[in-house]
Amino acid sequence: MAQAAAVAKQPAPPPRRRGSATPRRLPYLLIAPAGLLMLGFIAYPVLSVFYYSLQDYNPTKPWRNGFAGFDNFVHAFTEDPQFWDTLVFSAKWVVVEVGLQLLLGLALALIVNQSFVGRSLGRAMVFSPWAVSGVLTSAIWVLLYNSQTGITRYLADMGIGEYGTSWLSDTSTVFPATVVADLWRGVPFFAILILADLQSVSKDLYEAAEVDGASRFQQFLNITLPHLKDAIILSTLLRAVWEFNNVDLLYTLTGGGPAGETTTLPLYIANTSVDAHNFGYASALTTVAFVILLFFSMVYLRLSKFGGGDK
């Protein structure tokens, strides 16, 4: 009876006020304004592109504007040979750039991960090109490739090549020249990500491997590479998407020339919309590029088993 009386004397909990935000909902309410703002900035351009891809829209020829259905897509796949040329070159550009950037970035990361005098300065020099903007990178390499004051001038002074030679205007040298220019800025991206992941590899694994008689190359194959798997998959996917959408470097260096040799699909889209003012067809090409990147990303992540460990 005494225990029942004591329980009866305990004060009742205060009633919950109706309309107040519960602790579980409060974080979502706080980030809702920023989330809606970001959604508006992302969703509106994407939906606008999908809408205009079904339209004939050219501000310089308003009498032709109107609903076109899938005519823009049919024209791209069946009547526009430049679309296929730019798509093939885009694939070539991505494969060459991402492959070389990965190999060189991995090598640099392994080097600067070692202990040596001046390692901090070496890391700063390796990573510094990534801090340079794309426009400034393009300006630097335009000066380096200048036929009067650039690399070719100094090579001609040493008897290599001829004066007035421009690597960017020659169809046989323009691709390697643009690849080198983009490597200068893209390699540090891989080096930074791979080096960050290398820092987390336990040294005990390498010591145990040395005790078992494993060589440096065997340690790299069986310890380093498996540990770097997810970092390599993520970095190559991000860089592949960025390289596919690369416009500023190629536009500044070559403008897509000579003779369209360096015109990627995004650069073709930019020329179609900005120069030709054909925004409807450019939107259709953008939609095609979006679908290609989305499909590639899904297949790549599925085949690479990203995040699946060693399974």
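Helix 4 (81–112) and helix 12 (residues 265–275) pack with their axes 8 Å apart, at an angle of about 140°. Axes here are lines fitted to C-alpha atoms, for helices over the stretch in contact, and angles run from 0 to 180 degrees between N-to-C directions. Helices are DSSP runs (H or I, at least four residues), numbered from the N terminus. The two helices are therefore oblique to each other: angles under 35 degrees count as roughly parallel, over 145 as roughly antiparallel, 65 to 115 as roughly perpendicular and the rest as oblique.

This is a predicted model, in which local features need pLDDT of at least 70, side-chain atom pairs count only at pLDDT 80 or more, and totals for chains, interfaces and linings use all residues. Residues are numbered from 1 along each chain as its sequence is written, and side-chain values use heavy atoms, with hydrogens and water left out.

Which residues of helix 4 meet helix 12? They are Gln82, Phe83, Thr86, Leu87 and Ser90, and they meet Leu265, Pro266 and Tyr268 in helix 12. Contact means heavy atoms within 4.5 Å. By class, this contact has 5 nonpolar, 3 polar and no charged residues. Ala, Val, Leu, Ile, Met, Phe, Trp, Tyr, Cys and Pro count as nonpolar, Asp, Glu, Lys and Arg as charged, and the others, Gly among them, as polar.

Stay with helix 12. Its buried residues are Leu265, Pro266, Leu267, Tyr268, Ile269, Thr272 and Ser273. Buried means under 20% relative accessible area, exposed over 50%, partly exposed in between (1.4 Å probe, protein chains only). These buried residues pack against helix 4, helix 10 (216–244), helix 11 (248–253) and helix 13. After helix 12 comes His277, whose phi is positive, near 60°.

Next, helix 13. The axes of helix 3 (residues 71–78) and helix 13 (residues 279–304) come within 9 Å and cross at roughly 70°. That makes helix 3 roughly perpendicular to helix 13. On the helix 3 side, the contact involves Asn72, Phe73, His75, Ala76 and Phe77. Helix 13 brings Gly280, Tyr281, Ala284, Leu285, Thr287 and Val288. This contact holds 7 nonpolar, 4 polar and no charged residues.

Now the rings. A search of the whole structure finds 19 aromatic pairs. Rings of Phe, Tyr and Trp (its six-membered ring) pair if their centres lie within 6.5 Å; planes under 30 degrees apart count as stacked, over 60 as edge-to-face and the rest as tilted. Tyr51 and Tyr52 form an edge-to-face pair, 5.2 Å centre to centre with 75° between the planes. Phe77 and Phe83 have centres 5.4 Å apart and planes at 75°, so this pair is edge-to-face. Phe83 is buried, with a relative accessible area of 0%, whereas Phe77 is partly exposed at 40%. Ring pairs also link Tyr51, Tyr52, Tyr57 and Phe279 into a cluster.

Leaving aside its neighbours within four places in sequence, Glu243 contacts Trp93, Val94, Glu97, Val98, Gln101 and Asp182. The C-alpha atoms of Glu243 and Trp93 are separated by 7.5 Å, although the two residues lie 150 residues apart along the chain.

Ser147 sits in the loop between helix 6 (134–144) and helix 7 (151–157). Ser147 counts as buried at 18% relative accessibility. Beyond its neighbours within four places in sequence, Ser147 is in contact with Thr152, Arg153, Gly164, Thr165 and Ser166.
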